[in-house]
Amino acid sequence: MPANTSDTSDESEPAEEPHYHGHRMRLRERFHGAGPDALSDYELLEMVLFAAQPRRDMKPLAKKLIAKFGSFAEVIHAPKRDCARSRA
């Protein structure tokens with residue numbers, strides 16, 4: 001039986017991880033290393049939202065809230081009912 005010479009699969013190489021793996025850890029490292037000025041408003045909001053949803057991507061919601069209210073500060077000060085409507 002001839003040897004398989006195709007190079008489609010090399011079991012010695014690890015599978016490439018998706019770009020979002022470790023996203024939360026990288027944000028936290030940037031925050032702790034360079035401070036809050038190193039993050040955009042939606043990234044700061046993502047960090048706040050991490051506590052609410054430990055296993056869900058918070059970037060889309062954070063961006064939606066920033067688009068609606070204008071800034072991190074405005075989202076934080078917005079009435080709860082207005083923020084809840086943005087999740088739907």
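This is a predicted model: local features need pLDDT of at least 70, side-chain atom pairs count only at pLDDT 80 or more; totals for chains, interfaces and linings use all residues.
How many of the 10 residues of α2 are buried? Residues are numbered from 1 along each chain as its sequence is written, and side-chain values use heavy atoms, with hydrogens and water left out.

The chain contains 5 helices and 0 strands, where helices (H or I, at least four residues) and strands (E, at least two) are DSSP runs numbered from the N terminus, and along the sequence this gives the pattern α-α-α-α-α. Of the 88 residues in the chain, 27% are buried, a term that stands for under 20% relative accessible area, as against over 50% for exposed and the range in between for partly exposed, with a 1.4 Å probe and protein chains only. The chain exposes about 7,100 Å², of which carbon and sulfur atoms supply 54%; accessible areas come from the Shrake-Rupley method with a 1.4 Å probe, and for residues only the protein chains shown count as cover.

In α2, 7 of the 10 residues are buried, so this helix is largely enclosed by the rest of the structure. The buried residues are Glu43, Leu44, Leu45, Glu46, Met47, Leu49 and Phe50, and what covers them includes α1 (23–34), α3 and α4 (72–77). Glutamate 43, which is found in α2, is buried with a relative accessible area of 11%; leaving aside residues up to four places away in sequence, glutamate 43 touches Leu27, Arg30 and Ala38, contact meaning heavy atoms within 4.5 Å.

The largest nonpolar core has 16 residues, and those with the most contacts inside it are Leu45, Leu49, Leu65, Phe69 and Val75. Such a core is a set of buried Ala, Val, Leu, Ile, Met, Phe, Trp, Tyr and Cys residues joined through side-chain atoms within 4.5 Å. The elements giving two or more residues to this core are α2 (41–50) and α3 (59–69). Leucine 45, again not counting residues up to four places away in sequence, touches Ala62, Leu65, Ile66, Phe72, Val75 and Ile76.

A further side-chain arrangement involves lysine 63, whose charged end sits over the ring of tyrosine 42, 4.8 Å from its centre; the criterion is that NZ of Lys or CZ of Arg is within 6 Å of the ring centre and within 35 degrees of the ring normal.
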